[in-house]
Amino acid sequence: MSGDPTLDAAVRGFIDEVEAICDQGLDRAALARIGDLLAALAQRRELFNFERFPLPEDEREPVRVHTLHGPGRLPLQALAQRHLPGLGPRPAQVPHMHPTWAAAAGVCGATVDTLYERRAGSAGADALEAVHEVRVGPGQALTMMPQDIH
């Protein structure tokens with residue numbers, strides 16, 4: 001925890017709600033509810049701002065990770081990223097998936113994530129096809145199941 005009672009209480013409340021959802025079973029609808037909760041938490045500007053979560057000091061570093069909860073069953077991190085408009089270019093990202101579900105919410109600025117699907121390729125090799133772009137900004141969240149590629 002951060003040591004800030006207001007932030008810690010908000011994070012603990014969020015984690016408790018997410019645990020209750022996960023205990024009922026996780027599907028896309030449940031994950032959407034988690035995304036809504038995360039988007040609401042991220043909009044608490046008194047908790048999430050550059051004063052509390054500064055950008056990396058070295059401008060060559062695109063992201064600074066602040067751990068809010070974890071490790072464990074439900075790790076939660078705040079990322080201060082430089083690729084937001086006016087803060088620098090977005091680093092190149094290779095399409096990938098995570099070993100678990102994920103949710104990301106915007107605080108300020110916006111980013112665009114490309115979602116991919118696997119398609120049968122030539123010679124039996126799978127290929128990735130971009131199928132959807134998702135803009136994530138303040139008040140919005142992107143949620144992904146373990147099999148989702150972005």
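Select Arg 119 to begin: Arg 119 lies in strand E4, residues 111–120. Helices (H or I, at least four residues) and strands (E, at least two) are DSSP runs, numbered from the N terminus. The model is a predicted one, in which local features need pLDDT of at least 70 and side-chain atom pairs count only at pLDDT 80 or more, while totals for chains, interfaces and linings use all residues. Residues are numbered from 1 along each chain as its sequence is written, and side-chain values use heavy atoms, with hydrogens and water left out.

**Around Arg 119**

Display the side chains of Arg 119 and Glu 117, which make a polar contact at 2.9 Å. A polar contact is a pair of N or O atoms within 3.5 Å; within protein, one must be able to donate a hydrogen and the other to accept it, and residues adjacent in sequence count only if both atoms are side-chain atoms.

**The whole chain**

Now show the protein as a cartoon, in which 2 helices and 6 strands can be found. Along the sequence they follow the pattern α-α-β-β-β-β-β-β. Of the 150 residues, 33% count as buried.

**Helix H2**

Select residues 28–42, which form helix H2. This helix has 15 residues and reaches 20 Å from its first C-alpha to its last, close to the 21 Å expected; the expected span is 1.5 Å times one less than the number of residues. At the start of H2, a side-chain oxygen of Asp 27 comes to within 3.2 Å of the backbone nitrogen of Ala 29.

Which residues of H2 are buried? They are Ala 30, Leu 31, Ile 34, Gly 35, Leu 38, Ala 39, Leu 41 and Ala 42. An α-helix has 3.6 residues a turn, so residues three or four places apart point the same way. The buried residues of H2 pack against helix H1 (5–23) and strands E2 (76–81), E3 (102–105) and E6 (141–144).

Move on to Asn 49, in the loop between H2 and strand E1 (63–69). Asn 49 is buried, with a relative accessible area of 15%. A polar atom of the Asn 49 side chain lies 3.0 Å from the backbone nitrogen of Glu 51.

Select Phe 48 and Phe 53 next; both are buried. The structure holds 1 aromatic pair. Phe 48 and Phe 53 form this pair, which is stacked, at 5.5 Å centre to centre and 15° between the planes. Rings of Phe, Tyr and Trp (its six-membered ring) pair if their centres lie within 6.5 Å; planes under 30 degrees apart count as stacked, over 60 as edge-to-face and the rest as tilted. Leaving aside neighbours within four places in sequence, the contacts of Phe 48 (heavy atoms within 4.5 Å) include Leu 7, Leu 41 and Val 107.

**The nonpolar cores**

A nonpolar core is a set of buried Ala, Val, Leu, Ile, Met, Phe, Trp, Tyr and Cys residues joined through side-chain atoms within 4.5 Å. Select Leu 7, Phe 14, Ile 34, Phe 48, Leu 68 and Leu 76, which have the most contacts inside the largest core, of 21 residues. H1, H2 and E2 are the elements that give two or more residues to this core, and H1 gives the most, with 8 residues. Finally, select Leu 115, Val 134, Val 136 and Met 144, which are among the 6 residues of a second, separate core.

Technical notes
Buried means under 20% relative accessible area, exposed over 50%, partly exposed in between (1.4 Å probe, protein chains only).
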